[in-house]
Every structure is written in structure tokens, then in C-alpha cells.
Amino acid sequence: MGLLSFFGRLLFVSVFVLSAYQEFNDFGVDGGSAAKALKPKFGVLSKHVATHTGFEVPHVEMKHLILGALIMKSLGSLLFVFGSSLGAIILVLHQAIATPVLYDFYNYDVDKKEFAQLFVKFTQSLALLGALFFFIGMKSSTPNRSSHPKKKAPKTKTG
């Protein structure tokens, strides 16, 4: 059961590992194509935050955001593969922060092609988020074997 569980986690985490690998290869000195694609989306998000909350989002280099996402995906994936809840929590944080920014379907009209494409990707990311929450919930609900040693059956007395 342990080996099967490990391979299941490995398969699940491959989504994060492959995207981190792609970002790493494309990173360059400016953050690569991911930084170029994120810049306008982050600008729109910053304007939304400033309009609705009055809080001005400080200037952030896109390459630093991409590097932070790459580290979160890599570290979270590594820990998750070995069954750590901390790895799952790191991946949850990444998904919770990145998903609404990257898949901003709410900025498009329902009739537009971009709306449908972004909405599908958004719901797929929500499915990954749900799976991570399920893992964390299962991990916290199952008793740890080492903390509950098996009770030995009492020996019967003969004689």
C-alpha cells in the first residue's frame, strides 16, 4: 500500500514539477515568458485591489514572483511526494495565490473565447486545490502508526 501511495503522489505532483521545470528552463535574466505573461495580469489585479480596498500594491519585479512560484512548486512537490502535509500546504498556498491571478476569466465577457479557456483552466486548478485539501484532511484524520503501538494479546496462563 505504501509504494502504491507513493506512486500516486508522484503522479499527482508531476503537474507541479513539470511546470516548475518549464519555468526554470525559460527563466533567463528577466523571468522569461512567464514574467511577460504575468505582468499585465498582475497590473489588472493591482488596480482591482487599489480600487476596492484602497490599498496600493507595492511594485514587485515579475522575475521575483516567478522565482517564488518556482520555489513553492519545487519545495512543495518534493515534500508532498514523501507524504508531508507541509508540502501539500505549500502547494495549496501556491494554488490559492496563483490561480485567480493567472486564470482571470472574470475580466472577460462570457461571449469571448478567452473567457471559456481561462474558466476551464481555473476549474482545473480548483480541482487540484481540492485534491490537496483532501490529502491534508486524510493525513490529519488517520492515526499515526508510530504513536499508537499495537497492543499485544495477553498470554493465557496454563497450569
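Q: Why does E23 count as buried?
A: In this predicted model, E23 has a relative accessibility of 17%, and buried means under 20%, so E23 falls in the buried class. The residue is found in helix α1.

Q: What makes I66, L70 and K73 contacts of E23?
A: Contact means heavy atoms within 4.5 Å, and E23 touches I66, L70 and K73 by that criterion, once residues up to four places away in sequence are left out of the count.

Q: Why is A131 called partly exposed, rather than buried or exposed?
A: The relative accessibility of A131 is 31%; since buried means under 20% and exposed over 50%, with partly exposed in between, A131 belongs to the partly exposed class. A131 lies in helix α5, which spans residues 113–141.

Q: How far apart are A131 and D109, in sequence and in space?
A: The two residues are separated by 22 positions in sequence, and their C-alpha atoms are 29 Å apart in space.

Q: What makes the set that includes F12, V13 and F16 a nonpolar core?
A: A nonpolar core consists of buried residues of the nonpolar kinds, Phe, Val, Ala and Leu among them, joined through side-chain atoms within 4.5 Å. The largest such core has 13 residues, of which F12, V13, F16, F80, A88, L91 and L132 touch the most other members. Two or more residues come from each of α1 (2–26), α3 (62–81), α4 (85–102) and α5, and α5 provides the largest share, with five residues. Apart from this core lies another, of seven residues, including A35, L38, F42 and I66.

Q: Which residues does A88 contact beyond its neighbours within four places in sequence?
A: With those neighbours set aside, A88 is in contact with F80, L132, F135 and I136.

Q: How do you know that residues 118–138 are helical in the model, and what can be said of residues 78–98?
A: Over residues 118–138 the chain is 100% helix and 0% strand, with the end C-alpha atoms 30 Å apart. Residues 78–98 are 86% helix and 0% strand, and the end C-alpha atoms of that span lie 19 Å apart. Both spans carry the annotation "transmembrane region" in an unreviewed UniProt entry, and such annotations may be inferred rather than shown by experiment.

Q: What makes up the lining of the largest pocket?
A: The largest pocket has a volume of about 990 Å³, and of the 36 residues that line it, E23, K73, A98, L102 and Y103 are the closest to its centre. Two or more lining residues come from each of α1, α2, α3, α4 and α5, with the largest share, eight residues, coming from α1. By class, the lining of this pocket has 20 nonpolar, 10 polar and six charged residues.

Conventions:
Residues are numbered from 1 along each chain as its sequence is written. This is a predicted model: local features need pLDDT of at least 70, side-chain atom pairs count only at pLDDT 80 or more; totals for chains, interfaces and linings use all residues. Side-chain values use heavy atoms; hydrogens and water are left out. Helices (H or I, at least four residues) and strands (E, at least two) are DSSP runs, numbered from the N terminus. Buried means under 20% relative accessible area, exposed over 50%, partly exposed in between (1.4 Å probe, protein chains only). On a 1 Å grid over the protein atoms alone, a cavity is a set of points where a 1.4 Å probe fits but cannot get out, and a pocket is an open set with protein on both sides within 12 Å along at least five of seven lines; lining residues have an atom within 4 Å of a point. Grid points are joined across faces, edges and corners, and a volume is the space filled by probe spheres set on the points. Ala, Val, Leu, Ile, Met, Phe, Trp, Tyr, Cys and Pro count as nonpolar, Asp, Glu, Lys and Arg as charged, and the others, Gly among them, as polar.
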